[in-house]
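Subject: Structure handover and findings

Hello,

Here is the structure you were expecting. Please open it alongside this note.

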Amino acid sequence: MSTAGFNSQNGTGTGQAYANGPSQNPVALQQLPGVSYGMTHQPTYNPMQAKAPAPPGPGLYPSGAYQPVPPVSSYQPGPPLTSYPASPGQPLLTRPPMGGPPSHTPPQSASPSPGPRLPPAQATPPPPAASSSSYYPNPQQPMAMASSWQYSTAPPPMGAPTSMSTPPRRPLANHVNPASSSTVPPPPSSAVYSSAPPAQVSHSVTQPPGPGMPPTSLHGYTQPGTAPPPMNPMASHTYQPGRPAYGPPPTGPLPTGPPPAMKPTPPPTGPPVANATPSPPRADGTVAGNGPQASNSYNHVDNKTAGLPQPGPPGRHLGHYPSLPPGYQNTTAPHNATSPVHPAMQAATQPYTQAPQPYQQPPGGLGPAQLSPSLAAMSLQSSTPEALRVVNLLQERNLLPPSPIPAPTPCLPQDLQKINCNPEVFRCTLTSIPQTQSLLNKAKMPLGLLLHPFKDLSQLPVVTSSTIVRCRSCRTYINPFVSFLDQRRWKCNLCYRVNDVPEEFMYNPVSRSYGEPHKRPEVQNATIEFIAPSEYMLRPPQPAVYLFVLDVSHNAVETGYLNVFCQSLLDNINALPGDSRTKVGFITFDSTIHFYNLQEGLSQPQMLIVSDIEDIFLPTPDGLLVNLNECKELVQDLLKSLPTLFEKTMETQSALGSALQAAFKLLSPTGGRMSVFQTQLPSLGVGTLQSREDPNQRASAKDIQHLSPATDFYKKLALDCSGQQVAVDLFLLSAQYCDLASLGCISRYSAGSVYYYPSYHHQHNFAQVERFQKDLKRYLTRKIGFEAVMRIRCTKGLSIHTFHGNFFVRSTDLLSLPNVNPDAGFAVQMSIEENLDDMQVVSFQAALLYTSSKGERRIRVHTLCLPVVNSLSDIFAGADVQAITGLLACMAVDRSVTASLSDARDAMTNAGIDSLSSYRQSVLTIQQPGLLAPACLRLFPLYIVALLKQKAFRTGTSTRLDDRVFAMCQLKYQPLAYAMLMIHPALYRIDDLTDEGALNINERTIPQPRVLQLSVEKLSREGAFLMDAGTVMYLWIGRNCHPNFLTQVLGVPSYAAVPDNLYLLPELDTAESQRTRAFIGWLRDQRPFFPSLHVIRDESQLKASFMQNMIEDRTESALSYYEFLLHLQQQISK
């Protein structure tokens, strides 16, 4: 099929790769000279860029320390924009602290000097400088000295952002309410740091124990009586990429030898900023008084500049915290609960005002333009909000709250916040949007959105109307954050155009009243679904079409997956989403391709074999895709006979590429879903792959090779599929290397999903079999949308420049999603193109147009509203640490593929250094020793350590290449709630569960044990501990575990009797067994996939996997959490 319609925009005709992940640059997997992945053109080499020495020794971090930041840098410290008292009674200083001597700073090899610092001496000469991969798209911009991300300026906007102006407003005081907030974490953008001092990020993590987010008001995302899924606190923070990078923390002895040569640092340009508000940008993109700025430089994770090593922390700190006074043990403080959210909106009682008042929701009521008294009264000199409470990370050890962390609540007037979008659906990395790009640059945090647009919702208002009200200019859907100028006119909250209210919109179908358009459901719900009229259809809605492509080679038959698949489809065939038009088909393959004629009237299925795999064709025009209702008996007969049909096969070859081509030909006329089951490397015909993994290099501390595809065959085929509304889902069940980096492209670019079951075998790995069965049931029966597109719009002045997830970017801001499923997440990175001086709030809207399995064309619309602030303190107070972490992970995955794994690791480390440096220099007003963070960011360093030790990014630990690539796929594709468990697992002690503080759900009592730190010191040989790592759970039994737990829960008399491969808890009629199974079942119910459970003892093979998740402890190749904190302090205090 011709792809001309897509090639013109995605570069197939010119030999360029297609854009997918970071999508703004059509050049994907291979970086062209001078072009960064997903970014605009990079500058040529800049003398400020330091040479990159190779790390001397193995390990998670290069053995040298980071190169100190040269004092003369591209940004000059100015006075803090705002100042919070560090503690009562202490005077406020008028300038940022210069950094007092840290309390636990490891000794450095040389004392800092006023001029540019030289890197520490090294035993080996430095390698040649890396090519000009800087985060600055502008050659005049100073280059980062090490890998880091820039958040300040963005690449050319994906959409056409326009500037907007509204009446001036007062800045919103920024406090963070830990209740549910609708912010989506923004992806880190690569921006140059401007001349003002860095800003601090803060997010409130100290929430009171208890369930997470309360149900949002008008649309019940959480059902009454149910608690949201427990999750580890997620810290979200943003960082700016323009700073010099430091490189990974050291692990080995101090380097010796002559220091590598380094270019002198050019002196800063422009006078220091004396006022708190940055000057507006000039036409050329620079900001007056702030030095050069990088235009469109959101490539923190996408560029490579390695840092220079420095001495590491002394060995005496190995994993041991200094003794803490009793006062440091209690780390959670009550959060500021300002602006409580009311359960429902109050009806407007006053007539419409005639003068335009922006964002006036219920006419006459408290509009967003006026702050509530409690917000207005909270000045910066009043009590410090909980989110900005100063935390010394080196002294406060127990930072993890006992229960999951809710998303921070944006600091909005009550009438707006109570109708804002659910943060589980739409979330921003910063719940307070900076007024200017230069202010964002100073905060050194990424701005981006995290979306879960097709999430299963317990309540979803659905509107059927012949007229869908949209802005005539920017096509925004009417939403709760528009303002009605009078009864007949409304002002768009994205472009500020005044639109007429259609006559039929005057009638409210809910209250059956006339003349109150502001009470319609579209203006009362931030998430709503429309039944679309015919103008939203390019063709009649397609039927649900399901094609199954099955590997039946000898290797596949040996795994036994075919029996499980056929039985599962037989069990769920009546639950497949669809209607009377639903179609199904089957293709099997080994060295040849087998089609199955299931045409009505046949007495049994006919197998048609095509052996010419070089020129694939369909053997018959009809009968290969059949109506499920009309041919159900033939389909069932085929499923019953398939496992035995190939049980004696000796065919070992796999012609996967030809099978995919055949399936594409079959589905092209209608579109639909292709489900591919593969168990080995494709070895025959097109798309053949060779093994690229060297098992001896799995534990190498050097850079990991072969993270990018070996061929573009699967990507090109995926784009052909996308053009014909076909999505491909890949199930990989294998004990050997299968090159998921190449095969995964078939799903990534067609908006499909990847499922991976390593070492799958029906007899030797029962836990994987159970997981495959449960996943398959969910996959076959979950909701599905066909021929979908999604567009994200934002208020004039903001622009989106990079997308993360599985999709194809059809135009600058339109994501093509041939299938959309409720388990898919997306992320976008944003920049501020025009100053938001006149705005009090900004809005973001995601619109998903899809065909339901019943053949209805529908539009699901989510709208998020956030305040605009003009101080660094307010930006930090609104930081969402989990959202920032999720976005950082997406950026790091892209950086690993386009640059190198070590580059991505350095950039993540520098993200923590940048944000905490900005906080210390620009927000703190009292000089204090220690590593200081705002309360809302106190978990950020912990999450960075967790990412560095996560399977996707770890080094020095044996990790199979396919395992690593799959972990990267999940970080990019999973919604934030599930990705955070994979980054920072939850640990619970469960041998002493009680009903105290338990939840009651559906007449079940669910115990709520507290979340423990991921350290061996929290384990006890007398206990049993459950680790929830998202896709897998481990139940570790201590050697001296109480016999009562062993008998009452595991049903064994002693520790020695615990079986080696226990993956199911017996259903015993004891209170202990019921509590334990209820808790584990409740955790599993919180996610759409099925985590397998492994019961392990000290002798178990899986104990190593369990211990690798103890991220706070030191390993042979990685620093402990405390050592990492010392490293951060060392870099920040330079």
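Below are the ground rules, then the salt bridges, then the strands.

This is a predicted model: local features need pLDDT of at least 70, side-chain atom pairs count only at pLDDT 80 or more, and totals for chains, interfaces and linings use all residues. Residues are numbered from 1 along each chain as its sequence is written, and side-chain values use heavy atoms, with hydrogens and water left out.

Salt bridges

The structure holds 36 salt bridges. The term means a side-chain nitrogen of Lys or Arg within 4 Å of a carboxyl oxygen of Asp or Glu.

Arg488 pairs with Glu503, and their closest N and O atoms are 3.0 Å apart. Arg488 sits in the loop between strand 6 (483-486) and strand 7 (489-491), and Glu503 in the loop between strand 8 (498-500) and strand 9 (507-508), so the bridge ties together parts that are 15 residues apart in sequence. Strands here are DSSP runs of E with at least two residues; helices are runs of H or I with at least four; both are numbered from the N terminus. Arg488 is partly exposed, at 39% relative accessible area. Glu503 is partly exposed too, at 46%. The cut-offs are: buried under 20% relative accessible area, exposed over 50%, partly exposed in between (1.4 Å probe, protein chains only).

Arg1004 forms a salt bridge with Asp1085, with 3.6 Å between the closest N and O atoms. Arg1004 belongs to strand 30 (residues 1004-1006) and Asp1085 to helix 20 (residues 1071-1085), so this pair links parts that are 81 residues apart in sequence. Arg1004 is partly exposed at 34%. Asp1085 counts as exposed at 55%.

Asp1028 bridges to Arg1087, the closest N and O atoms being 2.6 Å apart. Asp1028 is in strand 31 (residues 1024-1028) and Arg1087 in the loop between helix 20 and strand 33 (1092-1096), so parts that are 59 residues apart in sequence are tied together. Are these two residues buried or exposed? Both Asp1028 and Arg1087 are buried.

The network links Arg1039, Asp1060, Arg1097, Asp1098, Glu1099 and Lys1103 through salt bridges.

Two strands pair if DSSP finds at least two bridges between them. Strand 31 and strand 32 (residues 1032-1037) run antiparallel, joined by five bridges. Phe1025 has Trp1036 of strand 32 as its bridge partner.

Strand 14

Five of the five residues of strand 14 (residues 593-597) are buried, so this strand is largely enclosed by the rest of the structure. In a regular strand the side chains alternate between the two faces of the sheet. Ile593, Phe595 and Asn597 point one way from strand 14, while His594 and Tyr596 point the other way.

What flanks strand 14? A hairpin of three residues joins strand 13 to strand 14. Strand 13 (residues 583-589) and strand 14 pair in the antiparallel sense over three bridges. Phe589 has Ile593 of strand 14 as its bridge partner. Strand 14 is also joined to strand 15 (residues 606-610) by five bridges, again antiparallel. There, Phe595 stands opposite Leu608 of strand 15.

Best wishes
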